[in-house]
Amino acid sequence: MTEMVTPAGPPAPDARAPRPPRARRRVPVRGPHQAVRPGARLGGPLAALPWALPAFAFVGVLLVYPFARSVYGSFFEDNGFTSEFTGLDNYARLADDPVFGRSLLNTLLWVAGTLLLPVLAGLVIAVATHRLRWGGAAQLVIVLPFAISGTATAALWYFMLSSDGAVNQALRAVGLDSWAQAWLLEWPQNTLALIVASTWQATGLNVVLFAIGLRALPRDTVEAAQLDGASGWRMFRHITLPHLRAVTVVVVGMAIVNSLKAFDMIWILTQGGPSRSSETLALTMYRETFRLFHVGYGSAIALVLSVVVVASSWLYLRRQMPDTGWAKA
Amino acid sequence: MGRTARHVFVAGCVALWLLPLYLLVVNALTPAADYRGEPDWTLQGFALADNVGTAWKEARIGDSFQASLLYATVCGLVAVLVAATAAFAVVVLPIPRPAFWFWLIYSGTLFPLQIFLAPLFGLYADTGLYDTRIGLMLVYVAWAVPFAFFLIRNQMTTMPPELTEAALIDGASFRRIFWRVHVPLLRAGLGAAFLFQFTAVWNDLLLGLTLSRSGDVQPVMASLATLRATYASSGPPVILAGALVVSVPTLVLFLLFRGLFLRGVTASVR
């Protein structure tokens with residue numbers, strides 16, 4: 001079938017030589033990759049619909065409808081049995097709910113901690129392993145936890161972090177008895193310990209992404225900079241780092257979104273406790289809805305979380321959009 | 001960074017990353033009865049089979065393992081097929097307003113699962129899909145389609161339109177063009193999408209926790225959560241053996257298809 005690649009088709013009507021640079025588009029309109037125009041001989045626009053229908057059915061019924069229903073439900077006081085329209089009351093309640101305040105603070109801690117630990121560690125490790133003889137093997141070890149689920153990672157880290165766990169044992173063994181503590185039982189250590197546990201899992205992916213960026217660093221640029229006498233920190237600061245900007249945007253965007261969505265790790269390690277002190281918005285929503293049956297209130301929290309997630313993914317979404325990041329090839 | 005410092009730093013990181021894995025394996029091998037309430041740092045025996053057996057039967061990880069294998073394989077395949085045909089419609093065929101359809105499908109990956117959960121639970125309770133295998137499979141497909149669609153669509157836009165035009169001139173139908181031109185050329189991309197969705201479904205906890213309850217329906221991560229919460233008395237060796245055994249499929253896939261695996265994630269960078 002591949003023989004058909006050779007110049008068969010008629011001269012494409014839009015083959016006028018150098019095209020003026022097009023404005024960047026954020027949305028996929030019918031692009032140059034779309035061969036068939038409406039009215040082509042294989043039927044009108046409706047001919048394409050059956051191809052897309054299964055996807056629309058799945059997404060429409062099981063994602064879009066629940067989404068709309070959640071937004072609608074957030075205006076009701078709903079305990080699972082009776083529901084009553086209360087307008088914006090659920091949102092007003094958020095403002096003076098101390099649990100929600102703590103949850104919001106923890107969510108911010110997660111975002112900040114994720115930017116500080118996995119992203120920074122990912123960059124440093126990627127740079128350190130770049131062009132190292134056994135760098136590939138080292139990267140493989142660090143990316144290995146990425147293939148393990150959040151749940152299994154959490155089961156392992158519970159074993160590490162519980163009061164008679166491996167971390168405290170190790171601290172006592174080296175004489176740092178005063179450092180040993182109930183990592184999961186007090187705020188803010190529990191949230192910080194959880195962030196460290198997720199760093200173990202999440203760093204590998206960032207290493208891989210940064211390594212891809214480093215490999216794309218043109219040799220000429222590096223050599224030119226070396227001729228000009230740049231090395232070490234100056235090279236990193238003025239050549240490597242600017243070159244990694246595109247990757248960094250994606251890594252940071254993904255890190256923020258993933259930290260906002262983090263659920264498995266926290267649920268297994270602390271269930272958001274003790275006394276709801278390590279809950280993030282993702283956990284608070286789950287507990288309010290499925291443990292306390294405050295369905296409307298839970299929906300309001302879910303909506304707040306969604307707004308935050310979508311707003312922060314805009315950062316890297318802009319790049320991912322069709323016909324910007326991809327058309328450049 | 002000096003050459004030596006660099007080696008030392010990387011070695012330190014590798015050790016730090018390996019240590020939890022080492023403890024996981026060592027303690028999963030400790031006979032549950034011999035566990036002294038403190039983590040073991042050296043090998044104490046070789047009771048992996050017993051520990052896995054306990055987790056497999058008593059905590060019913062075994063049933064869930066089979067269920068999850070079914071969910072991840074079938075839902076991964078169905079989602080890739082559904083996403084590929086939708087991408088074909090949006091990229092290649094003359095569908096009106098492709099941007100609208102793109103956003104409709106793609107929006108599914110943007111939002112956190114929490115926004116879908118409560119209505120899904122209600123919907124499932126009303127239609128009798130709650131705690132059924134078919135119910136979980138439906139929701140997993142719906143959950144997997146958006147990102148698979150995104151990956152496949154990006155791949156498809158890199159294919160020259162002359163391919164489709166040539167095939168049309170030769171008199172091929174859409175169905176034929178899809179199966180004989182696009183699918184063979186996109187094999188790697190489809191494989192990456194499948195691996196990605198298989199892993200996502202296998203690793204899911206939240207949907208399984210919310211939409212199922214009984215042992216032979218619950219996916220494997222939800223069972224592991226139950227094992228950790230209610231069988232804590234059977235001791236860390238059993239729990240760790242459970243964690244180890246549920247990680248095997250994704251670890252094996254990852255080690256076998258590392259390039260393809262990371263392609264899914266790294267697609268967004270290039």
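**Domains and chains**

Mentor: Chain B is divided into domain 1 (3-46) and domain 2 (60-266), with bounds taken from an automatic or database domain assignment. This is a predicted model, in which local features need pLDDT of at least 70 and side-chain atom pairs count only at pLDDT 80 or more, while totals for chains, interfaces and linings use all residues. Residues are numbered from 1 along each chain as its sequence is written, and chains are lettered from A and ligands numbered from 1 in the order in which they are written.

Trainee: How far apart are the C-alpha centres of domain 1 and domain 2 of chain B?

Mentor: They lie 33 Å apart. Six residues of domain 1 of chain B and nine residues of domain 2 of chain B make the contact, which requires C-beta atoms, placed from the backbone, within 7 Å.

Trainee: Now the two chains. How many residues of chain A are in contact with chain B?

Mentor: 90 residues of chain A, against 92 residues of chain B. Helix α1 (residues 49-73) of chain A gives the largest share of chain A's side, 15 residues. Helices here are DSSP runs of H or I with at least four residues, strands are E runs of at least two, and both are numbered from the N terminus.

Trainee: And what is in chain A overall, how many helices and strands?

Mentor: Chain A has 13 helices and two strands. Of its 329 residues, 41% count as buried, meaning 20 or more other C-beta atoms, placed from the backbone, lie within 10 Å of the residue's own.

Key:
Two residues are in contact if their C-beta atoms, placed from the backbone, lie within 7 Å. A residue is buried if 20 or more other C-beta atoms lie within 10 Å of its own, exposed if 12 or fewer, and partly exposed in between; C-beta atoms are placed from the backbone.
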